[in-house]
Amino acid sequence: ISVPTMSIVSIGGHLPTLFKEPNDGIVSIASQMALKGPKYAKINANHFEVLQNNDTINHIKNFIFDKK
């Protein structure tokens with residue numbers, strides 16, 4: 001990846017019956033982190049809550065506006 005990229009990774013909501021590996025209730029955490037290159041921000045929320053989480057908002061604001 002040649003441009004600054006951040007990926008929000010939701011790490012809450014583990015459903016052991018869905019996957020045998022850690023997941024956010026919908027997709028595995030490993031699949032969310034499979035792309036090489038981005039900065040990853042892990043958020044303790046499930047797949048549906050992550051976009052409403054204040055930590056997500058703060059990570060995005062910092063990534064966009066606090067570039068040095």
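**A note on this predicted chain**

1. The chain exposes about 4,900 Å², and carbon and sulfur atoms supply 58% of it (areas from the Shrake-Rupley method with a 1.4 Å probe; for residues, only the protein chains shown count as cover). Please keep in mind that this is a predicted model: local features need pLDDT of at least 70, side-chain atom pairs count only at pLDDT 80 or more, and totals for chains, interfaces and linings use all residues. Residues are numbered from 1 along each chain as its sequence is written, and side-chain values use heavy atoms, with hydrogens and water left out.

2. On the overall layout, there are two helices and two strands (DSSP runs, numbered from the N terminus: helices are H or I with at least four residues, strands E with at least two). Their pattern along the sequence is β-α-β-α. The C-alpha atoms fill a box of roughly 45 × 25 × 10 Å along the principal axes.

3. Of the 68 residues, 28% are buried (under 20% relative accessible area; exposed is over 50%, partly exposed in between).

4. Asn53 caps the N-terminal end of H2, with a side-chain oxygen 2.7 Å from the backbone nitrogen of Asp55.

5. Ile60 belongs to H2 and is partly exposed, at 34% relative accessible area.

Technical notes:
A polar contact is a pair of N or O atoms within 3.5 Å; within protein, one must be able to donate a hydrogen and the other to accept it, and residues adjacent in sequence count only if both atoms are side-chain atoms. Buried means under 20% relative accessible area, exposed over 50%, partly exposed in between (1.4 Å probe, protein chains only).
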